[in-house]
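Me: Got a model open here and want to talk through it. Can you take a look with me?

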Amino acid sequence: MNEKAIGRVLKKWLDSESVRREDLFITTKLPPPGNRAACVEKCLTKSLDDLQLSYVDMYLIHTPFGVPETDGDFQRHANGDIVLDLETNHIETWKKMEDMVKAGLTKSIGVSNFNKNQIQRLIDNSTIKPSNVQVEVHVYLQQDDLINFCKEEGIIVTAYAPLGSKGIENLNKMAGYEREIPNILDNSVVGGIANRLGITPAQVLLKWILERGVAAIPKSTNPTRLRQNLDIFEFSLTEEDMKVLKGLEKGIRVCDFGFFKGFQLGIHTTLAKYKLGNNFLTFFS
Ligand SMILES: NC(=O)c1ccc[n+]([C@@H]2O[C@H](COP(=O)([O-])OP(=O)(O)OC[C@H]3O[C@@H](n4cnc5c(N)ncnc54)[C@H](OP(=O)(O)O)[C@@H]3O)[C@@H](O)[C@H]2O)c1
């Protein structure tokens, strides 16, 4: 929902010639209401118009599930549950994603929130392999299996919610979904390493991700914290730090999409209907 604002800033910035387009790496996503072959070009073209760009560097399918096309709020059942599109077809959507690369509208394509089986299926049925997989990764959800698989396949992994996305609690609350989210930034082990190195807990968490060969996209609205999150190349974590941080795994998925009311029930119905097994979503893998 921020592409128009980002587009205005990009235009100003690029027009000022203080930065060149090729020095920027811009990613956006095909949203759940556009998750079907017929919508891919329309959605990407709309994003490019809003961003005031002729191409993006990467275009990702946001989720393995789709919902019906909408201009506003999601369609809902009488009980308030979000209506899911039960005809979502990953292979057909991916073929259109490949066409977008061939048309020069995006340099590369990938997926977000897909699990190993879903990614493998795309690889087996693609002419352009996914170049990136964006999933939740932090010390409480380390994703070893998926990351190792992606490394073997030469796919870059991007960690979303790398700091534990405490703020998602508010989004959940607004949707009537009460769930306490642990604050990883307050973890005493992380804090101990930060104190020893004279850095912040956020810097420890981000460096741990980079050391694993994974990219990280922390979000901050605060200029000081934005700088801090970029300033992670002048210090190192020891092997012992890496080992201790590895021990923090708790299997806690912060972004479980519980803010999509009725979503989990709908997914289970879909699993049963299409006998997809437990591989429809990363969350159920
Ligand atoms: N693909 C997907 O389905 C998906 C799902 C979820 C998120 N994402 C993306 O992942 C990115 C990050 O996710 P996120 O915002 O949910 O989680 P996050 O980056 O783990 O956490 C952001 C929170 O941490 C705070 N923060 C940032 N830097 C900090 C620092 N140095 N010290 C202390 N606190 C700090 C922020 O507050 P302040 O703003 O006040 O600094 C904000 O509350 C976003 O671009 C988001 O869009 C993608």
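Me: How many residue pairs are in polar contact between domain 1 and domain 2?
Reply: Six, with both residues at pLDDT 80 or more. A polar contact is a pair of N or O atoms within 3.5 Å; within protein, one must be able to donate a hydrogen and the other to accept it, and residues adjacent in sequence count only if both atoms are side-chain atoms. This is a predicted model: local features need pLDDT of at least 70, side-chain atom pairs count only at pLDDT 80 or more, and totals for chains, interfaces and linings use all residues. Residues are numbered from 1 along each chain as its sequence is written, and side-chain values use heavy atoms, with hydrogens and water left out.

Me: Which helix gives the most to the domain 1 side?
Reply: Helix α4, residues 116–124, with four residues. Helices are DSSP runs (H or I, at least four residues), numbered from the N terminus.

Me: Where are the domain bounds?
Reply: Domain 1 covers 1–130 and domain 2 covers 136–274. The bounds come from an automatic or database domain assignment.

Me: How much area do domain 1 and domain 2 bury between them?
Reply: About 1,700 Å², with 64% of it on carbon and sulfur atoms. That is accessible area (1.4 Å probe) lost on putting the two parts together, summed over both.

Me: How many salt bridges between domain 1 and domain 2?
Reply: Three (side-chain nitrogen of Lys or Arg within 4 Å of a carboxyl oxygen of Asp or Glu).

Me: What about K261, which side chain does it meet in a salt bridge?
Reply: D81, at 3.2 Å, N to O.

Me: Switching to the ligand. How many residues surround it?
Reply: 23, each with a heavy atom within 4 Å. The closest are L163, S165, S220, R225 and Q228.

Me: What does the S220 side chain do there?
Reply: An N or O atom of the S220 side chain is 2.6 Å from a ligand oxygen. The N113 side chain has an N or O atom 2.9 Å from a ligand oxygen. For Q134, a side-chain N or O atom is 2.9 Å from a ligand nitrogen.

How values were computed: Helix = DSSP H or I, 4+ residues; strand = E, 2+ residues; numbered from the N terminus.
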